[in-house]
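The following questions and answers examine a single protein chain. Please consult the sequence and the structure shown below while reading.

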Amino acid sequence: MENSHLAHSNVLIYGATGGIGRAIAKEAIAHEATPLLLGRDSAKLKDLAQELGLSDKFWCATHELTEGNTRINSWLEQHAPITLAVHAAGRGVMKPLTKITPKEWEEVIEVNLSSAYHFFNLLWPHKNEKLDMVFFGSASTHQAWAKNCLYGASKAGLAYFCKALQKEIQPKGGRVWLYELGAVDTPYFDNISNHIPKEKMICPKELAKWVLSNLNLSPGLFSPNLSLLSD
């Protein structure tokens with residue numbers, strides 16, 4: 001792809017084997033960038049790397065996404081500098097609050113919100129001079145729904161995190177993008193009834209194209225909140 005902001009750069013993707021992460025990885029290659037695949041399932045990461053024509057050195061599996069993880073730091077150091085970092089990991093639990101266990105609460109908050117903090121701290125020492133960070137929130141945070149206490153709270157926290165982080169890193173040459181999404185056609189909805197038809201959901205491939213094409217905007221242009229709703 002000619003004149004891409006990402007050409008010949010490294011793109012770090014956390015949650016790379018999910019529907020959105022996989023689409024971002026494929027689109028990164030279309031932009032002549034190298035995706036760095038980070039996630040929890042080593043078998044899925046290896047399969048994705050092979051599908052993309054990448055060697056094993058371009059993926060890393062971990063269950064402990066913390067800045068003290070020396071293995072991830074060493075891996076990132078090998079691939080620095082990183083121009084784009086995409087946090088595509090997410091977890092949803094749609095239950096009445098009385099049915100949510102303390103373990104479920106902690107796990108969802110960890111994946112949807114706390115991991116954003118750890119992701120940033122891991123990445124920052126290995127960033128390019130100019131860095132773009134992309135996070136995915138939820139359009140559901142703008143309207144309270146029953147059974148959405150946990151997921152909505154985690155994504156509302158992520159939205160504030162992104163707005164405040166943008167204030168911190170913009171003077172240092174960084175940009176933060178938060179895409180507040182409606183339903184996306186990913187395997188998450190395979191076992192959930194009463195949702196909109198998949199043909200009306202956001203297509204991960206089209207989402208990835210939009211996310212990466214926006215990076216070509218001039219450095220002073222960005223939006224800390226971009227809403228993209230399903231039909």
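**Strand pairing, helix packing and local geometry**

Leu37 stands opposite Trp59 in strand β3. The model discussed here is a predicted one.

Q: How many bridges pair β2 with β3, and in which sense do these strands run?
A: Strand β2 covers residues 34-39, and β3 covers residues 59-61. Leu37 faces Trp59 of β3. The two strands are joined in the parallel sense, and the number of bridges is three.

Q: What is the handedness of the β-α-β unit made by β2, α2 and β3?
A: Helix α2 consists of residues 42-52. Together with β2 and β3, α2 makes a β-α-β unit whose hand is right-handed.

Q: Which residue of β2 is the bridge partner of Ile13?
A: Strand β1, residues 10-14, runs parallel to β2, and five bridges join them. Within this pairing, Leu12 stands opposite Leu36 in β2. For Ile13, the bridge partner in β2 is Leu37.

Q: Through which helix does the chain cross from β1 to β2?
A: β1 and β2 are parallel strands with five bridges. The β-α-β crossover that leads from β1 to β2 is right-handed, and its helix, residues 19-30, is α1.

Q: Which residue of β4 is the bridge partner of Leu12?
A: β1 also pairs with β4, in the parallel sense and over four bridges. Leu12, which stands opposite Leu36 in β2, has as its bridge partner in β4 the residue Ala85.

Q: How many of the six residues of β2 are buried?
A: Strand β2 has bridges to β1 and to β3. β2 is mostly covered, and the number of its six residues that are buried is five.

Q: Why is Thr83 counted as buried?
A: Thr83 belongs to strand β4, residues 82-87. Beyond its neighbours within four places in sequence, Thr83 contacts His5, Leu6, Ser9, Asn10, Asn128, Lys130, Leu131 and Asp132. Buried means under 20% relative accessible area. Thr83 is therefore counted as buried, with a relative accessibility of 6%.

Q: Which residue is joined to Pro81 by a cis peptide bond?
A: Pro81 is placed in the loop between α3 and β4. The peptide bond in question has an omega of about 0°, and the residue it joins to Pro81 is Ala80.

Q: What separates the C-alpha atoms of Pro81 and Glu129?
A: Not counting residues up to four places away in sequence, Pro81 touches Asn10, His126, Lys127 and Asn128. Pro81 counts as partly exposed, with 43% relative accessibility. Pro81 and Glu129 are 48 residues apart along the chain, and their C-alpha atoms are separated by 8.1 Å.

Q: What is the phi of Glu32, and where does this residue lie?
A: Glu32 is found in the loop between α1 and β2. At 40% relative accessibility, Glu32 counts as partly exposed. Although Glu32 is not a glycine, its phi is positive, at about 65°.

Q: What is the phi of Lys147?
A: The loop between β5 and α5 contains Lys147. Lys147 counts as partly exposed at 47% relative accessibility. This residue is not a glycine, yet its phi is positive, at about 70°.

Q: Why are α4 and α5 described as roughly parallel?
A: The axes of α4, residues 102-123, and α5, residues 149-169, come within 9 Å and cross at roughly 10°. Angles under 35 degrees count as roughly parallel. The relation of α4 to α5 is therefore roughly parallel.

Q: How many nonpolar residues are in the contact of α4 with α5?
A: The residues of α4 in this contact include Trp105, Ile109, Leu113 and Phe120, and those of α5 include Leu150, Leu158, Phe161 and Ile169. The contact also has three polar and two charged residues, and the number of nonpolar residues is 13.

Note on methods
Residues numbered from 1 in each chain as written. Predicted model: local features only at pLDDT ≥ 70, side-chain atom pairs only at ≥ 80, totals over all residues. Heavy atoms only, no water. Axes fitted to C-alpha atoms, helices over the stretch in contact; angles between N-to-C directions. Parallel < 35°, antiparallel > 145°, perpendicular 65-115°, else oblique. Contact = heavy atoms within 4.5 Å. Nonpolar A, V, L, I, M, F, W, Y, C, P; charged D, E, K, R; others polar. Buried < 20%, exposed > 50% of the residue type's maximum accessible area, 1.4 Å probe, protein only. Pairing = 2+ DSSP bridges. Right-handed = clockwise from strand over helix to strand, strands pointing away.
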